[in-house]
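Please look over the sequence and the model before reading on.

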Amino acid sequence: QEEGFRVISTPNQNFFDVDLTALKSKVDMVVTNPPYSIKIRILDRLFEFGKPFALLLPAHFMFTKYWMNRARRDSSFKVALAPRRAGFIKLFCRHP
């Protein structure tokens, strides 16, 4: 938001219950750090949504059967790899 982007979040809603049709006209892309335990469900939902998305996932996930099959079906997505493990620093943390 500080950089001028409009941020839409659904903190009190389950990602799988959100009406994607209603969000589609309001959202340009989805950026999230999903729980790895449900990453396939989240990926399926994001591909269904049809908007660009960025996720933080373990690199070895690219070698799973799911990912290989998805890459064969849809080669339009891109993968970016970090040169090393990502480190995050929270300088400011604001909670409503």
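Where do Glu-48 and Arg-45 both lie, and how many residues apart are they? Both lie in helix H2, three residues apart, about one turn of the helix. Helices (H or I, at least four residues) and strands (E, at least two) are DSSP runs, numbered from the N terminus. The model is predicted, so local features need pLDDT of at least 70 and side-chain atom pairs pLDDT 80 or more, while totals for chains, interfaces and linings use all residues. Residues are numbered from 1 along each chain as its sequence is written, and side-chain values use heavy atoms, without hydrogens and water.

**Helix H2 and its surroundings**
- Helix H2 spans residues 39-49, and its buried residues include Ile-42, Leu-46 and Phe-49; buried means under 20% relative accessible area, exposed over 50%, and partly exposed in between (1.4 Å probe, protein chains only).
- The buried residues of H2 pack against helix H1 (20-24), strand S1 (30-32), strand S2 (53-55) and helix H3 (65-73).
- Just after H2, Gly-50 has a positive phi of about 80 degrees.

**Salt bridges**
- The whole structure holds two salt bridges, each a side-chain nitrogen of Lys or Arg within 4 Å of a carboxyl oxygen of Asp or Glu.
- Asp-44 forms a salt bridge with Arg-70, with the closest N and O atoms 3.3 Å apart.
- Because Asp-44 lies in helix H2 and Arg-70 in helix H3, this pair ties together parts 26 residues apart in sequence.
- Glu-48 and Arg-45 meet in a salt bridge at 3.6 Å, N to O.
- Glu-48 is exposed at 57% relative accessibility, whereas Arg-45 is buried at 12%.

Key: Contact = heavy atoms within 4.5 Å.
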